[in-house]
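Hello,

Here is the structure I promised to pass on. Please open it first, then read my notes below.

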Amino acid sequence: MRKIILITGASRGIGAATALRCAQAGYDIALNYHRDAAAAERIAAQVRALGAQALLLQADVADPGQVLALFQRLDQQPAPLWGLVNNAGVVAPKARLDEMAPERWQRVFAVNVMGSLLCAREAVKRMSRAHGGAGGAIVNLSSRAALLGSPGLYVDYAASKAAIEAFTVGLAREVAAEGVRVNGVRPGIIATDIHADSGMSEALASAAAGIPMQRLGRAEEVAEAIAWLLSEAASYTTGTMLDVTGGR
Ligand code: NAP
């Protein structure tokens, strides 16, 4: 029986790489995206070329109504939801805290934290044996920033990822006896478009010198860790964070 993995923010970067990796692993993929329909459609075509079903689901994960509508569309699929990857995330331009406006904090927390909570709540309602589900796995995207704090760059983003880590551990214990595993991945500096949003693209090359492996990570390397945490190979792993940082 086919199973569906829902990946938020799957139109590019780590989400897109995870969609392709999970398609290779034999899952059908529900690809959520926010704005870039053309990019999401390109990833969906690559998923289908791997022999998996691809369902495109546009939604702003920070919007409770849009998340509910997304899950209602998933409910119409013949295959059950088996996995959720809370990958959609945003960062804002590099700044010190004393230069930041509260509106940016609201957006960073709305997408990164609220979005993950909303999607996880709906996923648990469908996966948990307490709700009649068949079990499943959730993987949340944290960041090494949750531990480093990102001073002078984006402490708000770092704080949102620390919230994700507490939520990962708590939810994992809440639903551990109900067949649902909840884990997190903590990427280091991965070469994706997110760095253009923080104005850090130029600094990436020099950042590599501070990484023990002397290079940035690739989205595919994070996708590999996510795919393992989703898989049956990780059947006794829950409530943990997996670093994918090149040693940083
Ligand atoms: P990215 O290249 O900027 O891609 C972000 C994705 O999220 C896009 O598909 C975007 O969709 C989607 N998205 C943004 N806001 C959304 C919203 N409100 N609702 C639904 N989708 C939304 O990011 P990435 O580098 O792959 O990062 C993915 C995750 O890994 C994030 O949670 C990030 O914080 C985390 N992470 C990344 C790094 C890194 O160095 N890259 C390091 C640590 C952690 P549209 O393009 O359609 O708007």
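**Asn112 and its surroundings**

Leaving out residues up to four places away in sequence, Asn112 touches Ala88, Gly89, Val90, Tyr157, Ser160, Lys161 and Ile164. Keep in mind that this is a predicted model. Where does Asn112 lie? It is part of helix α4, which covers residues 102-127. The relative accessible area of Asn112 is 1%. The cut-off for buried is under 20%, so Asn112 counts as buried.

**The chain as a whole**

The protein chain has nine helices and seven strands. Its radius of gyration is 17 Å, close to the 18 Å that the globule rule gives for 248 residues. The chain is therefore as compact as a globular protein of that length. Along its principal axes, the C-alpha trace spans about 50 × 35 × 35 Å.

How much of the chain is buried? Buried residues are 52% of the 248.

Take the contacts with a separation of 6 or more: 74% of them join residues 24 or more positions apart.

On charge, the protein chain carries 24 positive and 22 negative charges.

**Helix α1**

Helix α1 runs over residues 13-24 and has twelve residues. From first C-alpha to last it reaches 17 Å, close to the 16 Å expected at 1.5 Å a residue. Which residues of α1 are buried? They are Ile14, Gly15, Ala16, Ala17, Thr18, Ala19, Cys22 and Ala23. After α1 comes Gly26, with a positive phi near 100°.

**Thr245**

Now for Thr245. This residue sits in the segment after β7, the strand at 241-244. Is Thr245 buried or exposed? Its relative accessible area is 12%, so Thr245 is buried. Setting aside neighbours within four places in sequence, Thr245 is in contact with Arg144, Arg186, Pro187, Gly188 and Ile211. Thr8 is 237 residues from Thr245 along the chain, and their C-alpha atoms are separated by 22 Å.

Over to you.

Best wishes

Key:
Residues numbered from 1 in each chain as written. Predicted model: local features only at pLDDT ≥ 70, side-chain atom pairs only at ≥ 80, totals over all residues. Heavy atoms only, no water. Helix = DSSP H or I, 4+ residues; strand = E, 2+ residues; numbered from the N terminus. Rg over C-alpha atoms; globule rule 2.2 N^0.38 Å. Buried < 20%, exposed > 50% of the residue type's maximum accessible area, 1.4 Å probe, protein only. Contact = heavy atoms within 4.5 Å. Lys, Arg positive; Asp, Glu negative; His and termini not counted. Charge placed at Lys NZ, Arg CZ, Asp CG, Glu CD. Expected span 1.5 Å × (residues − 1).
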